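This briefing goes through one protein model, topic by topic. Keep the sequence and the 3D view open while reading.

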Amino acid sequence: MPDWDRATAQRVYEYAMVHEAEQPDRTLTTTVISRGTDLPPAEIDAAVDRLLDVGLIRRLPNGGLVTAAPDETLPGALGPLEREISERRALMAETREFILSFLPAYERIHGPEASQPRFTVVRGLSEARAVIAGLTARAREEILTAQPGGPRDGAALEEAMSRDPDALRRGVRMRILCQHTARSSLGASAYIDRVTALGARVRTIDDHFTRVLVFDRETAVLAVPGDPRAAAVVREANVVSFIRETYERLWLSAEPLSARGDHREEVVSDIRQAITRLLTEGLTDASIAMRLGMSVRTCRRHIADIMAGLDAQSRFQAGYLLARARQG
């Protein structure tokens, strides 16, 4: 149990504010708080210490206490924590780079496949990203990436932005497969502009697929169903070959995406064509949204526009009209 209790700290803070409002000329101390509440002195001292630590209570030159507004306190309380997180991230990156710098010497002596299991599952997002960073740093010829879903989170894009250009500058060929919905993401567009300028090729497709990366036809990293923070690492040659062939089939059916283009109209058209196809197959809104990598709300907005274009009064009628149109 912590030395301080949140409920006690809130009571102390509230009492202090009331005291300031009702008795502004009387100095507020822990003794005053103890007399004005039924709280044990030890708990009051612990609560006051905690409130002083985060700045919600400040000590005056005369030894008295005064409260501070929470929104004014946040920058001073969170600033040191944010700096510590930033320093730890920098230390992680430095440590990772340092350890990986020994890899070429290790592989020269033991061979690139030494002590590497054919199949392994890495648990934890940071561990999975470390594996991908290491494989990217060692790639010699080719990296294939398939990233399903819509806009990617900022941390993932920031890491890819700092990792992938280095591989491209080394002459590694890179192909990136996304869903159409990624075209409307500002973060993804900035990443695509950066890597295509360095020679990467990007294509998009409407349907859902599995998240996968393939490095030099030797190693594949797959998403683990049910655990978005994990990754399966495959080094078995026949399985990697099969994964790569599957990737090639998806690539051939995808549409090229050029850098620095306004793709909004073609994105909307492609997405609505995909929604139309899935509507005629009887899929629910949630299923369609999942397949196409968008939110259910966005999916329903597209469906409403499709229904308006058909002058349909219900989903059933829209489905009927779409099915009849497909039949000719």
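Which side chains meet in a salt bridge at 2.8 Å, N to O, one of them being that of arginine 11? They are the side chains of arginine 11 and aspartate 38. The model is predicted, and a search of the whole structure finds twelve salt bridges.

- Arginine 11 sits in helix α1, which covers residues 6-22.
- Aspartate 38 sits in the loop between α2 (30-36) and α3 (41-54).
- The two residues are 27 residues apart, and the pair links distant parts of the chain.
- Arginine 11 has a relative accessible area of 39%, so arginine 11 counts as partly exposed.
- Aspartate 38 counts as exposed, because its relative accessibility is 62% and the cut-off for exposed is over 50%.

**A network of salt bridges**

- Glu142, Arg175, Arg244 and Glu248 are linked in a network of salt bridges.
- Glutamate 142 and arginine 244 are both buried.
- Glutamate 248 forms a salt bridge with arginine 175, and their closest N and O atoms are 2.6 Å apart.
- This pair also links distant parts of the chain: glutamate 248 is in helix α9 and arginine 175 in strand β5 (residues 173-179), 73 residues apart.
- Arginine 175 is buried, because its relative accessible area is 11% and buried means under 20%.
- Glutamate 248, at 21% relative accessibility, counts as partly exposed.

**Helix α1**

- How far apart are the end C-alpha atoms of α1? They are 24 Å apart, which agrees with the 24 Å that its 17 residues should span at 1.5 Å a residue.
- The buried residues in α1 are Thr8, Ala9, Val12, Tyr13, Tyr15, Ala16 and His19.
- The face turned away from the buried side of α1 carries the exposed residues Arg6, Ala21 and Glu22.
- Among the elements that cover the buried residues of α1 are α2, α3, β1 (57-59), β2 (65-67) and α4 (70-100).
- At the start of α1, a side-chain oxygen of aspartate 5 reaches to within 3.1 Å of the backbone nitrogen of alanine 7.

**Threonine 67 in strand β2**

- Threonine 67 lies in strand β2.
- Threonine 67 is buried, with a relative accessible area of 17%.
- Leaving aside neighbours within four places in sequence, threonine 67 is in contact with Tyr13, Ala16, Met17, Glu20, Leu56 and Ile57.

**The largest nonpolar core**

- The largest nonpolar core has 23 residues.
- The residues with the most contacts inside this core are Ile143, Met174, Ile176, Tyr191, Phe215 and Val221.
- Two or more residues of this core come from each of α6 (125-138), α7 (154-169), β5, α8 (186-197) and β7 (212-215).
- What does isoleucine 176 contact, leaving aside its neighbours within four places in sequence? Isoleucine 176 is in contact with Thr145, Tyr191, Val195, Ala200, Arg201, Val202, Arg203, Tyr247 and Trp251.

Terms used: Residues are numbered from 1 along each chain as its sequence is written. This is a predicted model: local features need pLDDT of at least 70, side-chain atom pairs count only at pLDDT 80 or more; totals for chains, interfaces and linings use all residues. Side-chain values use heavy atoms; hydrogens and water are left out. A salt bridge is a side-chain nitrogen of Lys or Arg within 4 Å of a carboxyl oxygen of Asp or Glu. Helices (H or I, at least four residues) and strands (E, at least two) are DSSP runs, numbered from the N terminus. Buried means under 20% relative accessible area, exposed over 50%, partly exposed in between (1.4 Å probe, protein chains only). The expected span of a helix is 1.5 Å times one less than its number of residues. Contact means heavy atoms within 4.5 Å. A polar contact is a pair of N or O atoms within 3.5 Å; within protein, one must be able to donate a hydrogen and the other to accept it, and residues adjacent in sequence count only if both atoms are side-chain atoms. A nonpolar core is a set of buried Ala, Val, Leu, Ile, Met, Phe, Trp, Tyr and Cys residues joined through side-chain atoms within 4.5 Å.
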